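Reader: I would like to learn how to read the features of a structure like this one. Could you take me through them in turn?

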Amino acid sequence: MKILVINGSYREDGVTDSAITCAVDELKLGGHEIEQVVLRDTPIEFCLNCRHCMQEPGEGPGSCVQDDDMTAIIERIESADAYILAAPVNFGSVTAVFKRFMERLSGYGYWPAGQPYPLLRKDKVSPKKKALIVSSCAAPGLLDRMVFGSVRQLKNTAHLIGAKPVGVVFVGYADKASSAGLRKRQVGELLESAHRLVA
Ligand SMILES: Cc1cc2nc3c(=O)[nH]c(=O)nc-3n(C[C@H](O)[C@H](O)[C@H](O)COP(=O)(O)O)c2cc1C
């Protein structure tokens, strides 16, 4: 299978990178092909909110008026079989680079003028692709579920591109983990979720 990783961490070899590497190494051992989009190294423009990409009906994402790397990213999203979507918590939310990426996925919505809310183009597509969600924060992990929005935002991104989350790995107390030092339980969760992704 072809797995596309979207990495919204700012830090090379930080907690998010370590978690991704753990899952990716396992998937490579299983013979799966991995593609990675590291958002910190991928300059894309902000969404213009013009809704051009949302006007035409259809299952495929609408095209953007901007000419940048997002076109190639969407092609990679469309051709991938499954996803790893990852971003740490910054000020209670996914990072700004991941949020910018999310907003540029507007073409996955159909929202013509006069319609009160957008419809998700991939909503009725079946079977769904699968997604693994990875996030981390300095606070206890439970707090993210209760207060912060990163997991919800990453799950929403999965739904938007037509994928069903099959695993959530959250590294809480991230400051206590050394960059390479995921805890044993988290490594176990990552390996198990990686297997679920390609099952
Ligand atoms: C600017 C900034 C804002 C942050 N905001 C939060 C936050 O709201 N809640 C939290 O628990 N941790 C917060 N953190 C901690 C990060 O989520 C945590 O260190 C995370 O593991 C970083 O991921 P990385 O190792 O992939 O860079 C913040 C860190 C920074 C630098």
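Author: We begin with residue classes: Ala, Val, Leu, Ile, Met, Phe, Trp, Tyr, Cys and Pro count as nonpolar, Asp, Glu, Lys and Arg as charged, and the others, Gly among them, as polar. By these classes, the shell around the ligand holds 9 nonpolar, 6 polar and 2 charged residues. This is a predicted model, in which local features need pLDDT of at least 70 and side-chain atom pairs count only at pLDDT 80 or more, while totals for chains, interfaces and linings use all residues. Residues are numbered from 1 along each chain as its sequence is written.

Reader: Which residues are the closest to the ligand?

Author: A residue is near a molecule if its C-beta atom, placed from the backbone, lies within 6 Å of it. Here 17 residues surround the ligand, and the closest are Gly14, Thr16, Pro88, Cys137 and Ala174. Helix 1 (15-29) and strand 4 (89-90) are the elements that give two or more residues to this shell, where helices (H or I, at least four residues) and strands (E, at least two) are DSSP runs, numbered from the N terminus.

Reader: Why is Arg76 classed as partly exposed?

Author: A residue is buried if 20 or more other C-beta atoms, placed from the backbone, lie within 10 Å of its own, exposed if 12 or fewer, and partly exposed in between. Arg76 has 14 other C-beta atoms within 10 Å, and is therefore partly exposed. Arg76 is found in helix 2, which spans residues 70-79. Of the 199 residues of the protein, 42% count as buried.
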